[in-house]
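Visitor: Hey, can you walk me through this one? I'm new to looking at structures.

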Amino acid sequence: MSPEETRTATAPQAPPATPVTVSITRIVQPDRIPEATGWVQAGVNLANRYPGFLGSGWVRSHGTSDEWHMLYRFADPDLLDRWESSPERTAWLAEGRDLVVESRVEKRTGIEGWFDSHENGARGAGSGSDATAVPPPRWKQATSIWVGFFPVNLLFTYLTTLLIPGWTSLPILPKVLITTLTLTPIMAYWVLPLATRLLRPWLNAPR
């Protein structure tokens with residue numbers, strides 16, 4: 001192996017990008033809800049054109065509330081910054097200046113972002129001052145992860161034992177390696193979002 005190949009093979013790998021969950025709370029007057037909803041959807045359509053946009057939501061806590069909560073996500077902070085500093089977003093914000101009033105903003109990264117409450121708000125679709133939203137207690141977050149992980153791990157163990165000859169006789173290191181490589185993306189992309197969505201009322205219940 002040549003020195004160049006050695007250097008290439010041993011070059012440090014860049015750490016994986018950390019998604020950023022962005023939310024924001026806005027006050028909307030009841031008689032301007034149709035206009036505000038159209039304005040927000042226009043912003044989502046703009047953000048969807050930018051690399052790294054992973055989705056969004058726009059809800060309010062009950063039918064008579066004037067507080068609307070937007071939650072959306074980008075694949076990493078750099079891609080989010082590209083959207084936030086874009087001239088398209090600046091023009092979009094200017095169009096909605098008379099429609100809504102920002103009251104609370106926040107950003108979260110990594111797995112904790114899945115536990116953001118739509119009622120806590122976070123920074124992203126607009127600009128404003130940062131505020132501290134209260135996430136669910138750590139024990140509730142841990143319980144939500146376990147609720148998703150246990151049945152998935154149980155099913156995976158059952159299927160591999162049943163369908164893969166010699167699985168039970170594998171050394172523990174490759175067995176754990178294969179299990180985690182398989183289940184981690186399943187948990188991150190499907191199971192954890194589903195579990196937190198189903199448990200959202202319990203996660204966000206008053207302490």
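Visitor: Which residues touch the most other members of the largest nonpolar core?
Guide: Val28, Trp39, Met70, Tyr72, Phe74, Leu80 and Trp83, out of 25 residues in that core. A nonpolar core is a set of buried Ala, Val, Leu, Ile, Met, Phe, Trp, Tyr and Cys residues joined through side-chain atoms within 4.5 Å. Buried means under 20% relative accessible area, with exposed over 50% and partly exposed in between (1.4 Å probe, protein chains only).

Visitor: Which element gives the most to this core?
Guide: Helix H2 (33–47), with 7 residues. Strand S1 (20–28) and strand S3 (67–74) are among the others that each supply at least two. Helices (H or I, at least four residues) and strands (E, at least two) are DSSP runs, numbered from the N terminus.

Visitor: What does the second core include?
Guide: Val152, Phe156, Met187 and Val191 are in that separate core of 6 residues.

Visitor: OK, new topic. Where does this model come from?
Guide: This is a predicted model: local features need pLDDT of at least 70, side-chain atom pairs count only at pLDDT 80 or more, and totals for chains, interfaces and linings use all residues. Residues are numbered from 1 along each chain as its sequence is written, and side-chain values use heavy atoms, leaving out hydrogens and water.

Visitor: Which element has the highest mean pLDDT, and which the lowest?
Guide: Helix H5 (residues 138–163) has the highest, 91, and helix H1 (residues 3–10) the lowest, 50. pLDDT is the predictor's confidence in each residue, from 0 to 100.

Visitor: And where is the pLDDT below 50?
Guide: Over residues 118–133. Where pLDDT is low, the predicted coordinates should not be read in detail.

Visitor: How many helices and strands does the protein have?
Guide: 7 helices and 4 strands.

How values were computed. Contact = heavy atoms within 4.5 Å.
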